[in-house]
Amino acid sequence: MRDRIMKGQRILVVAALLALVAFNAWREGNGTGTTPETAGNRAIQAAYENRQGDLQVQGEGVVDRVLPDDTHGSRHQRFIVRLPGGLTVLVAHNIDLAPRVAGLAEGDRVSFFGEYEWNERGGVVHWTHHDPGRRHVDGWIRHNGKTYQ
């Protein structure tokens with residue numbers, strides 16, 4: 001139980017830091033077009049380079065490849081997103097808890113909020129859905145003006 005509480009606290013601290021970075025860039029009006037997603041993309045890149053995981057992140061990119069659903073255990077819609085810096089991450093969206101992202105295709109722009117886990121291929125973003133048990137931060141995916149969670 002203590003491990004769950006500590007994990008939740010780490011997630012909230014990282015989310016707060018990302019929000020603060022994005023807010024400060026927006027407030028400074030530095031012309032960089034910094035949004036929570038672009039600040040999040042930088043955080044994902046840093047987490048990949050430092051082999052970190054268990055981080056709540058927000059990001060955006062272009063769908064590089066749509067993969068078959070993972071049907072072992074909870075079903076997950078899977079797709080690869082290429083971030084603006086070139087890093088690719090696998091998004092594993094639980095479709096037993098959230099609606100499938102409709103009409104998703106290669107080349108589509110998506111934004112997401114979920115938990116990042118490091119791996120050698122770029123990492124995985126999961127928990128892109130609500131948590132019915134209210135033990136984890138709710139995540140989401142945005143595609144074509146619609147939010148899926």
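What follows is a short chat about a predicted model of a protein chain.

User: Hi! What should I know before we start?
Analyst: Residues are numbered from 1 along each chain as its sequence is written, and side-chain values use heavy atoms, leaving out hydrogens and water. The model is predicted, so to speak of local features takes a pLDDT of at least 70 and side-chain atom pairs count only at pLDDT 80 or more, while totals for chains, interfaces and linings use all residues.

User: Great. How many helices and strands are in the protein chain?
Analyst: The protein chain has 2 helices and 7 strands. These are DSSP runs numbered from the N terminus, with helices being H or I of at least four residues and strands E of at least two. From the N terminus, the order is α-α-β-β-β-β-β-β-β.

User: How many bridges join β2 to β3?
Analyst: There are 7, and β2 and β3 (residues 88–94) run antiparallel. Arg-82 stands opposite Thr-88 in β3. This hairpin has 5 residues between the strands, with Gly-86 at a positive phi near 105°.

User: Switching topic: what is the volume of the second largest pocket?
Analyst: About 190 Å³. A pocket here is an open set of points on a 1 Å grid over the protein atoms alone, with protein on both sides within 12 Å along at least five of seven lines; lining residues have an atom within 4 Å of a point. The volume is the space filled by probe spheres set on the points, which are joined across faces, edges and corners.

User: Which residues are closest to its centre?
Analyst: Of the 14 lining residues, the closest are Arg-65, Leu-67, Ile-80, Leu-90 and Arg-121. β1, β2 and β3 each supply at least two residues of the lining.

How values were computed
Pairing = 2+ DSSP bridges. 1 Å grid on protein atoms, 1.4 Å probe; cavity = no way out; pocket = protein on both sides within 12 Å on 5 of 7 lines; lining within 4 Å.
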